[in-house]
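Work through the exercises below with the sequence and the model at hand. Try each task before reading its solution.

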Amino acid sequence: MSAIITLLCVATEFKLKDIDQHTSQYPSVAKDTPHYKLWYRLDDIFKLFRARIHIHIMSSRLSQSAESAVMVDLLVELLLHNVAEIGYQAEIAQLSYSLVAERSGMVMKLFGFDHKISVLYKTLVDHISSFETTEEDFVTFK
């Protein structure tokens, strides 16, 4: 990773959003499928150009044993270690993320400028999907 991700993530659009419609106080379901549910709520008070995304990757196998729960915790710690440089670059561009292990899976949260958050999301997903670790890291976090 280098300054390339920072340059890709640096916000360049700062216009307030025009809101033509009244929005609900609560998020509504924009898309509902057997595999995911997408919620949406437009900020009609502050009209900010920021987005907040929560992705919950769920698996029923995780709650089947204590060993499975510990393995998810370990996976999250190793992933966070491996994407630490991305976090630094994203912070410079005023984007942030977190990965958290929960009983039902892993939660990825992203926050930042709405037109650049997709760059951070794609970078994290690409990094996670090609995740590799070393024996040394495994022993350190175990």
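The model is predicted, so local features need pLDDT of at least 70 and side-chain atom pairs count only at pLDDT 80 or more, while totals for chains, interfaces and linings use all residues. Residues are numbered from 1 along each chain as its sequence is written, and side-chain values use heavy atoms, with hydrogens and water left out.

**Exercise 1.** Find which element gives the most to the lining of the largest pocket.

Solution. Step 1: a pocket is an open set of points on a 1 Å grid where a 1.4 Å probe fits, with protein on both sides within 12 Å along at least five of seven lines; lining residues have an atom within 4 Å of a point. Step 2: the lining has 23 residues, and Trp39, Tyr40, Arg52, Ile53 and His54 lie nearest the centre. Step 3: strands (DSSP E runs of at least two residues) are numbered from the N terminus. Strand 3 gives the most, with eight residues.

**Exercise 2.** List the residues that touch Tyr97, leaving out those up to four places away in sequence.

Solution. Step 1: contact means heavy atoms within 4.5 Å. Step 2: the list is Leu80, Val83, Ala84, Ile86, Gly87, Lys109, Leu110, Leu120 and Leu124.

**Exercise 3.** Is Arg41 buried, partly exposed or exposed?

Solution. Step 1: buried means under 20% relative accessible area, exposed over 50%, and partly exposed in between (1.4 Å probe, protein chains only). Step 2: Arg41 has 33% relative accessibility, so Arg41 counts as partly exposed.

How values were computed: Helices (H or I, at least four residues) and strands (E, at least two) are DSSP runs, numbered from the N terminus.
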